[in-house]
Amino acid sequence: MNPDLDLALDRVIRAPRKRVWDAWTDPASLARWWIPAPLRCRVEELDVRAGGAFVTRMSEDGDTFVPHLDACFLVVEDCERIVFTNALDRAWRPANPLPVAMTAEVLLRDHPDGTDYRVVVRHGDPAARERHAGLGFADGWGTVTAQLARVAESGA
């Protein structure tokens with residue numbers, strides 16, 4: 001991790017790694033935690049494989065959904081690692097996403113209490129990193145990670 005370019009989040013989720021993986025890779029589960037509540041998420045495409053699409057929409061009222069993420073998976077290692085970027089869209093076209101281009105790496109490791117969950121979000125330059133931090137990276141990613149933990153820990 002490069003502290004000038006990257007932001008990170010670490011958490012122990014009190015659930016088996018497979019359950020955390022399933023919450024990431026099942027569209028219905030992902031929709032339950034991917035966007036901070038009370039916003040709602042709709043998963044448009046979730047093709048969890050290298051080169052696959054990762055497309056979500058969000059809604060404040062549950063009726064009108066607007067674009068949230070149009071990204072692609074770069075690396076998928078079953079129950080261990082997911083890497084995706086919004087710098088390429090679902091069709092692998094270069095993108096200039098708002099508010100910031102990023103590549104996120106999600107790592108899952110066994111932990112005596114469940115799953116060691118680590119996210120590293122990489123940015124192209126220090127200004128992009130600072131913009132993402134200033135927009136609430138810690139709160140936003142922290143909130144969705146807590147929501148992910150609730151989904152995985154509930155086993156639902």
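A salt bridge is taken here as a side-chain nitrogen of Lys or Arg within 4 Å of a carboxyl oxygen of Asp or Glu. The structure is a predicted model, and by this rule it contains twelve salt bridges.

One of these pairs is E45 with R90, whose closest N and O atoms are 3.2 Å apart. The two residues come from distant parts of the chain, 45 residues apart: E45 belongs to strand β2 (residues 40–46), and R90 to the loop between β5 (81–85) and β6 (103–111). Both partners fall into the intermediate class of accessibility. E45 is partly exposed, at 31% relative accessibility, and R90 is partly exposed, at 40%.

A further salt bridge joins the side chains of E105 and R122, with an N to O distance of 3.0 Å. Because E105 is in strand β6 and R122 in strand β7 (residues 114–122), this pair ties together parts that are 17 residues apart in sequence. E105 has a relative accessibility of 9% and is therefore buried, whereas R122, at 32%, is partly exposed. Through salt bridges that share partners, E105 and R122 are joined with E77 and R81 into one network.

The N to O distance between the side chains of D22 and K18 is 2.7 Å. D22 counts as partly exposed because its relative accessibility is 29%; K18 is likewise partly exposed, with a relative accessible area of 47%.

R109 is located in strand β6 and is partly exposed, at 38% relative accessibility. Leaving aside neighbours within four places in sequence, the contacts of R109 are R17, E80, G114, T115 and D116. For E80, a polar atom of the R109 side chain lies 3.5 Å from the backbone oxygen. The C-alpha atom of R109 is separated by 9.5 Å from that of V12, although the two residues are 97 residues apart along the chain.

R129 is part of helix α3 (residues 126–134). Its relative accessibility is 17%, and R129 is therefore buried, the limit for this class being under 20%. The side chain of R129 makes a polar contact of 2.6 Å with the side chain of E130. Beyond the neighbours within four places in sequence, R129 is in contact with P3, D4, L5, D6 and L7, and also with H123.

Sorted by class, the lining of the largest pocket consists of 17 nonpolar, six polar and four charged residues.

Conventions. Residues numbered from 1 in each chain as written. Predicted model: local features only at pLDDT ≥ 70, side-chain atom pairs only at ≥ 80, totals over all residues. Heavy atoms only, no water. Buried < 20%, exposed > 50% of the residue type's maximum accessible area, 1.4 Å probe, protein only. Helix = DSSP H or I, 4+ residues; strand = E, 2+ residues; numbered from the N terminus. Polar contact = N/O pair within 3.5 Å; in protein donor to acceptor, adjacent residues only side chain to side chain. Contact = heavy atoms within 4.5 Å. Nonpolar A, V, L, I, M, F, W, Y, C, P; charged D, E, K, R; others polar.
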